[in-house]
Amino acid sequence: MTSLSVEMLAADPVAPITSAGHAQLGIAVLAGIAVIVLLITKFKVHAFLALTIGSLALGAFAGAPLDKVIPSFTTGLGNTVAGVGVLIALGAILGKLLADSGGADQIVDTILARASGRSMPWAMVLIASVIGLPLFFEVGIVLLIPVVLMVAKRGNYSLMRIGIPALAGLSVMHGLIPPHPGPLVAIDAVQANLGLTLALGVLVSIPTVIIAGPVFAKYAARWVDVPVPEKMIQARPSEDLDKRPSFGATVFTVLLPVVLMLGSALVEIIIDDPANMVQRVFDVIGSPLMALLAAVIVGMFTLGRAAGFTKGRLSTTVEKSLGPIAGVLLIVGAGGGFKQTLIDSGVGQMVLEISEDWSIPALLLAWLIAVVIRLATGSATVATVSAAGLVAPLAADMSSTHLALLVLAIGAGSLFFSHVNDAGFWLVKEYFGMSVGQTIKTWSVMETIISVVAGAIVLLLSLVI
């Protein structure tokens, strides 16, 4: 009940759509990924089209009939969108309400009012982590960067000491914590428990964001000392509002879905009886759909109406939140189609057999695959959905705890060393007014630290739980 996937969506066929051997399948995988990488990096093709064409290329190189490859791709696309599409939409609505109502600014201002001096980097990582829960990475960047620049300028702080913790908080949330698209797709692919993944994700995220944020920021500030680019300091979204939501109401709304999903996972562990009425109730209210829907409905009052929004403006806010996620949904869906093509072609079974022969721990293999695809494509989401498809068969005999850790290993790998083929790289470079070399020394190294630290913690957890 608490998993994103249900039995009717598990469309894996019994027999593969091709009889190719391991060598041909291996070549097909490399060719399919190479097509995706070339289309995205060299020809600047949208990731949705690249994944679609790459799936067809994979099937062709694997010797699968085209009339079998197309249904495989469309089935995977449909199942993935059905599993995570509504959740991504609800998350986008909640994030838009948080931004437009001034709730995000209220959190920022309240925490900054109580922070100073040495505590400021820690305040920034806390702000970014809380705000980053319901917001997409790019939206979080746009919201927080003006705050980072203003704090650095007014307090005469090093830009890196303030900026790196904020970026770390946003990036960790994006890669490891649902309801962000990458973790949701990975959860759906391996049929992990969302509540348990969320709980373990928070456990992994805390030390990771501390090391990659405030701790690394000390060194980043020594390596790169750039002035605050004043031309990038912009007005904040809530400056035209007469009133804003209270700090308590805003935090309550942001954390509501997290609390509901964690509560469901906790009750399931404690009671462990699907027929028990209490567990059944928590299964419903703690399901991702109900938890996010509840947060959106509550947010319309605690955020929207508290900021003085009329019914018309609330409707407009919801409408505007859905347009920007169309591309994300298509990429996620095409990633699901690519995943299903990999599985139906027999690639998943091949990975399973190879991992047994090489004696590579499944979690390490998942991390490495995500790292390679991340380095090649520059997209954390593409890396996550592709790696999840490749390692999904490894999840067959895993416990619920290790399924959650598998998702986190994939998410950690998907963040490794952002460089010039990643849109986020250029976004950070321009906002902070850095050169390419300076961005690599700061942002790229920070992403690598997040990936390695989170991956190491996941592996350690797999040994003790």
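User: How many nonpolar, polar and charged residues are there in the lining of the largest pocket?

Analyst: The model is a predicted one. By class, 17 nonpolar, 11 polar and five charged residues form the lining of the largest pocket. The space in this pocket comes to about 770 Å³, and among its 33 lining residues Glu138, Gly378, Ser379, Asp422 and Ala423 are the closest to the centre.

User: Which helices supply at least two residues each to the lining of the largest pocket?

Analyst: They are helix H1 (22-41), helix H6 (137-154), helix H7 (159-176), helix H14 (326-344), helix H16 (362-377), helix H17 (380-391), helix H19 (423-432) and helix H20 (436-464). The most is given by H19, with four residues.

User: What makes Asp422 and Arg374 a salt bridge?

Analyst: The closest N and O atoms of Asp422 and Arg374 are 3.5 Å apart. The cut-off is a side-chain nitrogen of Lys or Arg within 4 Å of a carboxyl oxygen of Asp or Glu, so the pair of Asp422 and Arg374 qualifies. Asp422 lies in the loop between helix H18 (400-413) and H19, while Arg374 lies in helix H16, so the pair ties together parts that are 48 residues apart in sequence.

User: Are Asp422 and Arg374 buried or exposed, and how do you know?

Analyst: Buried means under 20% relative accessible area. Asp422 has a relative accessible area of 10% and is therefore buried. Arg374, at 3% relative accessibility, also counts as buried.

User: What is the N to O distance for Arg244 and Asp109, and which parts of the chain does the pair link?

Analyst: The side chains of Arg244 and Asp109 meet in a salt bridge at 2.8 Å, N to O. The pair links distant parts of the chain, 135 residues apart, with Arg244 in the loop between H9 and helix H10 (247-271) and Asp109 in helix H4 (residues 103-113).

User: Why are Lys96 and Asp100 about one helical turn apart?

Analyst: Lys96 and Asp100 are four residues apart in helix H3 (residues 66-100), which means that about one helical turn separates them. Their side chains meet in a salt bridge of 3.6 Å, N to O. With a relative accessible area of 25%, Lys96 is partly exposed. By this rule, the salt bridges number five.

User: Which residues make the nonpolar surface patch, and why can Trp122 belong to it?

Analyst: Trp122, Val202, Ile206, Ile210, Ile211, Val215, Tyr219 and Trp223 make the patch, which has an area of about 710 Å². Patch residues need over 30% relative accessible area, and Trp122 has 42% relative accessibility, so Trp122 passes that cut-off while counting as partly exposed. Trp122 lies in helix H5 (residues 120-132), whereas helix H9 (residues 194-223) gives the most to the patch, with seven residues.

User: Why is Ala192 called buried, and where is its place?

Analyst: Ala192 has 0% relative accessibility and therefore counts as buried. The place of Ala192 is in the loop between helix H8 (181-190) and H9. The C-alpha atoms of Ala192 and Leu405 are separated by 9.1 Å, although these residues are 213 residues apart along the chain.

Definitions and conventions
Residues numbered from 1 in each chain as written. Predicted model: local features only at pLDDT ≥ 70, side-chain atom pairs only at ≥ 80, totals over all residues. Heavy atoms only, no water. 1 Å grid on protein atoms, 1.4 Å probe; cavity = no way out; pocket = protein on both sides within 12 Å on 5 of 7 lines; lining within 4 Å. Points joined across faces, edges and corners; volume = space filled by probe spheres on them. Nonpolar A, V, L, I, M, F, W, Y, C, P; charged D, E, K, R; others polar. Patch = residues over 30% accessible without salt bridge, like charges linked within 9 Å, V, L, I, M, F, W, Y side chains within 5 Å. Areas by Shrake-Rupley, 256 points an atom, 1.4 Å probe, with all protein chains shown as cover. Buried < 20%, exposed > 50% of the residue type's maximum accessible area, 1.4 Å probe, protein only.
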